[in-house]
Amino acid sequence: MRIIEEQKKKSIFRYLGINFKGYGLWTALAAFFGCAEVMLEVLIPMLMSVIVDGGLYREEDFMLREFFPQALIDDRNRFVITVGLIMVIVAILSMMCGLLAARFSAVASQGFAKNLRFSLFEKIQSFSFANIDHFSTPSLITRATTDVNTMRMTMQQFLRTLMRSPIMMVMATVMAFAIAPHLALVFLICIPFLAVLLVILMKIGQPRFKRMLRKMDSMNKAVQENLVSSRVVKAYVRGDYESERFRETAEDLRDAQISSSKLFTLTGPIQMMIMWGCTLIILFLGGQEIIFEKTGLLTGELVSMVSYTTQAVSSLTMLSWLVMSMSRAQASLVRINEVLDETVDIADGPSDETVADGSVDFEDVCFSYTGDPEKLALSHIDLHIKSGETMGVIGGTGEGKSTLVNLIPRFYDALSGSVKVGGIDVRDYKLEKLRDGVSMVLQNGSLFSGTIAQNLRWGDPNATMEQMKEACYIACADEFIDKFPEGYETMLEQDGANLSGGQRQRLRIARAIVKHPKILILDDSTSACDMTTDEHIRRALHNSIPGTTKIIIAQRIASIMTCDRIAVLDEGKLSDVGTHEELMARSTIYRDVYESQMREEENPHAES
Ligand SMILES: Nc1ncnc2c1ncn2[C@@H]1O[C@H](COP(=O)(O)OP(=O)(O)OP(=O)(O)O)[C@@H](O)[C@H]1O
Ligand SMILES: [Mg+2]
């Protein structure tokens with residue numbers, strides 16, 4: 001509870017400052033040119049009144065009279081042309097400042113977005129498996145793309161509008177008061193009225209925006225899920241079903257967007273109504289003064305009053321738009337902050353040791369994915385694997401085999417007990433040192449787009465061609481690589497989509513061997529290989545890297561029968577450990593699995 005309270009107290013903007021790093025100058029330039037643009041723009045109505053009063057009506061005390069020489073004022077045509085020219089120059093300068101401000105704010109906000117994306121990416125790189133489980137991969141992708149983009153757009157709008165609007169509003173009001181204070185009172189009354197109306201609209205709008213963002217999330221999730229698994233969708237001919245499901249999500253999003261944009265569209269007419277209302281009142285009152293009361297108000301001044309009204313009211317509306325986008329960005333910022341705030345639960349330990357040997361010791365290890373001691377995925381495991389030993393692990397689906405080996409390179413931490421590698425607790429190692437010593441072929445690991453050689457060098461960036469060939473020989477990958485015309489330079493598509501399932505598995509094993517680990521873990525890594533290849537790989541592993549500890553998880557008993565020892569897992573518990581012969585003699589679970597697999601092999605069509 002205390003942590004949540006502290007989180008709440010922290011500013012939502014806590015990560016914004018550092019992400020402006022390197023773009024402070026651009027931000028300052030955007031602000032400077034934004035101010036300059038407004039200052040110049042506010043001058044234009046004043047110059048207009050000078051032309052009308054001084055040039056057309058030839059009034060004696062028109063605005064800014066003291067700035068013009070008498071000779072120029074006396075020459076009517078020259079006066080009108082000169083002031084007109086000044087007006088054009090001011091307008092062009094203002095436009096140029098506006099362009100520069102827009103350009104600089106675009107650079108600053110794009111840079112900010114790049115920094116933010118990079119911070120997120122770096123943070124996600126440091127995540128443990130548990131951290132990734134917490135957010136889910138599609139949600140992390142949405143946060144690093146859609147949410148960052150929302151922040152970028154708002155930041156750009158913020159830099160442009162926040163500089164313009166308040167300055168413009170204040171300047172326009174000041175100018176209006178300088179010209180005719182009693183008329184300026186009209187829009188001084190109207191502006192708070194408009195402000196209240198806009199605040200009400202924003203209050204109604206915010207929950208609608210949040211709903212729209214949630215819908216956008218679900219749509220992104222649906223798109224990602226479908227694209228990532230497009231092959232499965234096709235294999236199960238689920239295209240129509242998925243399209244229908246997507247249509248519902250898309251329609252939901254459309255409704256939510258319409259509902260939130262209804263309010264946006266209302267702000268326009270309200271602004272217009274108030275603006276024209278103010279203009280009418282000012283024109284009526286001002287006109288009366290000029291025609292009947294002769295208070296000294298000049299026609300040109302009345303015209304500039306109308307312009308200032310327009311400027312003040314429209315800048316307030318722009319400000320309200322900004323506040324609305326900020327409420328939208330707030331939801332994104334909270335989601336980004338959640339990622340940046342996530343405590344990485346697996347961090348470097350104090351020791352600087354490298355993995356000395358390939359021994360692995362599980363000492364009374366319990367583990368739960370939820371952290372709940374009542375829901376253990378592994379329960380009181382005591383298992384000691386000697387350096388250089390080949391240990392088989394067998395057990396039914398979901399019995400905890402992958403979970404067990406995931407604790408060795410510290411993908412997760414044990415709930416209680418300790419896991420030791422090379423005699424040292426895994427929590428004491430620096431992660432890099434520990435993982436340098438342990439190579440794991442994940443059950444559903446991936447390959448990356450790039451050449452075969454590039455993929456192999458993930459194991460060791462400095463691996464020579466000889467070393468790669470040797471690893472591929474052990475993993476039986478050489479036979480298919482040699483058949484490719486471009487050999488090790490063959491390009492792989494994302495996740496090796498242009499390879500067969502068995503070829504992918506063999507390449508992943510080779511990649512793990514290239515690393516020259518002290519401990520090599522194969523998690524169901526030969527399931528897609530035929531029996532002969534499977535046997536060849538096992539024999540090559542035994543002969544070529546005898547000093548490496550090998551932990552082999554398999555569903556097929558034939559794959560682990562020849563291991564030095566075999567661990568039998570049952571419902572997260574270590575049921576037995578021993579050689580094939582020992583287990584055949586004393587483990588009923590092992591014997592049952594053996595006999596059912598042998599029966600199947602002899603008579604593959606028999607009903608089990
Ligand atoms: N990331 C996860 N989050 C929560 N629960 C998980 C996670 N991964 C696995 N589990 C659960 O933990 C249990 C053990 O899973 P594990 O992957 O270790 O099984 P396994 O023995 O490797 O099975 P298989 O032979 O199918 O690969 C299962 O009940 C599974 O549902
Ligand atoms: Mg598994």
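**Strands, sheets and a ligand**

Visitor: Which residue in E4 is the bridge partner of Glu363?

Guide: The bridge partner of Glu363 in E4 is Ser418. Before going further, please keep in mind that this is a predicted model, in which local features need pLDDT of at least 70 and side-chain atom pairs count only at pLDDT 80 or more, while totals for chains, interfaces and linings use all residues. Residues are numbered from 1 along each chain as its sequence is written, and chains are lettered from A and ligands numbered from 1 in the order in which they are written.

Visitor: OK, and how many bridges join E1 to E4?

Guide: Strand E1, residues 360-367, is joined to strand E4, residues 416-421, by five bridges, and the two run antiparallel. Another position along this pair is Asp361, whose bridge partner in E4 is Lys420. Strands here are DSSP runs (E, at least two residues) and helices are runs of H or I (at least four), numbered from the N terminus, and two strands pair if DSSP finds at least two bridges between them.

Visitor: What about E1 and E2, in which sense do they pair?

Guide: E1 and E2 pair in the antiparallel sense, over five bridges, and within that pairing Val365 has Ile381 in E2 as its bridge partner.

Visitor: So what order do the strands of that sheet take?

Guide: The order is E2-E1-E4-E5, four strands in an open sheet with antiparallel pairing. Its edge strands, each pairing on one side only, are E2 (378-385) and E5 (424-425).

Visitor: And the six-stranded sheet, is its pairing mixed or antiparallel?

Guide: The pairing is mixed in that open sheet, whose six strands follow the order E6-E9-E10-E3-E11-E12. At the edges stand E6 (438-441) and E12 (573-578), each of which pairs on one side only. From one strand to the next, the twist averages 15°.

Visitor: Which helix packs on it?

Guide: Helix H17, residues 501-514, packs on the sheet and touches E6 and strand E9 (519-523), with its direction making about 175° with that of E6.

Visitor: Switching topic, which residues come nearest to ligand 1?

Guide: Of the 13 residues around ligand 1 (C-beta atom, placed from the backbone, within 6 Å), Tyr369, Thr397, Lys401, Ser402 and Thr403 come nearest. Helix H12 (residues 401-406) gives the largest share of that shell, three residues.

Visitor: Last one: what domains does the chain have?

Guide: The assignment, automatic or from a database, gives domain 1 (2-341) and domain 2 (360-602). Their C-alpha centres lie 57 Å apart.

Conventions. Axes fitted to C-alpha atoms, helices over the stretch in contact; angles between N-to-C directions. Contact = placed C-beta atoms within 7 Å.
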